Amino acid sequence: MTRALSHDDPLDGLPSRARIAELILGSRPPLDTYVGWQHYRTHYELLVPAPTISPQKWSMLPESRRYDYDLYRELTNANLPLQDTPMHDKVGKLIRRRLSGNTR
C-alpha cells in the first residue's frame with residue numbers, strides 16, 4: 001500500500017498513486033447509515049495524513065511526486081468541519097437561492 005522506504009525520500013510512507021486513486025474513487029456507504037458508520041469506524045485509522053515537508057524539500061521533489069504529495073495532502077488534511085455561524089447560514093441561503101434560480 002505504501003512506497004518502499006528510502007533514507008533520502010522525504011515522503012516515506014506516502015501511498016502509491018493507485019492507492020490514492022482508490023481512496024478518491026472507491027465507493028463507500030453513506031455515513032448517515034449504520035453500515036456506512038461501521039465502515040468508517042473500522043477504516044478511518046488506515047488513512048494516515050501526509051507528512052509535513054518544508055517548501056525547500058517540496059521544490060526538490062520530481063513533478064510526479066509533487067503531484068502525488070499535493071493530492072494526498074489535500075485528501076487527508078482538507079477535511080475540516082464547517083462552523084455553524086450566522087455568516088455560514090446567510091451564505092448558504094444565498095447560494096441555495098442562486099442555484100435554485102439558475103436551474104429553473
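In what order do the elements of the protein run from the N terminus on? They run α-α-α-α-α, and the protein has five helices and zero strands. Helices here are DSSP runs of H or I with at least four residues, strands are runs of E with at least two, and both are numbered from the N terminus.

Colleagues, a word on the basis of this talk. This is a predicted model, in which local features need pLDDT of at least 70 and side-chain atom pairs count only at pLDDT 80 or more, while totals for chains, interfaces and linings use all residues. Residues are numbered from 1 along each chain as its sequence is written, and side-chain values use heavy atoms, with hydrogens and water left out.

I begin with burial. Of the 104 residues of the protein, 17% count as buried; the term means under 20% relative accessible area, with exposed meaning over 50% and partly exposed in between, for a 1.4 Å probe and protein chains only.

I turn now to the salt bridges. The structure holds three of them, each defined as a side-chain nitrogen of Lys or Arg within 4 Å of a carboxyl oxygen of Asp or Glu. In one, the side chains of D68 and R17 meet at 2.9 Å, N to O. Because D68 belongs to helix α4 and R17 to helix α1, this pair ties together parts that are 51 residues apart in sequence. D68 is buried, at a relative accessible area of 2%, whereas R17 is partly exposed, at 43%.

Another salt bridge joins R19 to E22, with the closest N and O atoms 3.0 Å apart. Both residues lie in helix α1, three residues apart, about one turn of the helix. R19 is buried, with a relative accessible area of 16%, and E22 is partly exposed, with 48%.

In helix α4, R66 and E63 are three residues apart and so separated by about one helical turn. Their side chains meet in a salt bridge of 3.5 Å, N to O, and E63 counts as exposed at 58% relative accessibility.

What does the charged end of R66 sit over? It sits over the ring of W58, 4.8 Å from the ring's centre. The criterion is that NZ of Lys or CZ of Arg is within 6 Å of the ring centre and within 35 degrees of the ring normal.

Next, the aromatic rings. The structure holds one aromatic pair. The rings of W37 and Y40 have centres 5.3 Å apart and planes at 35 degrees, so the pair is tilted. Rings of Phe, Tyr and Trp (its six-membered ring) pair if their centres lie within 6.5 Å; planes under 30 degrees apart count as stacked, over 60 as edge-to-face and the rest as tilted. W37 and Y40 are three residues apart in helix α2, and therefore separated by about one helical turn. W37 is partly exposed at a relative accessible area of 44%, and Y40 is partly exposed at 37%.

Y40 leads us to the largest pocket. Its lining comprises 20 residues, of which L23, R28, Y40, Y44 and L47 lie nearest the centre of the pocket. Helices α1 (17-25), α2 (34-43) and α4 (63-77) each supply at least two residues of that lining. The volume of the largest pocket is about 750 Å³. A pocket is an open set of points on a 1 Å grid over the protein atoms alone, where a 1.4 Å probe fits, with protein on both sides within 12 Å along at least five of seven lines; lining residues have an atom within 4 Å of a point. The volume is the space filled by probe spheres set on the points, which are joined across faces, edges and corners.
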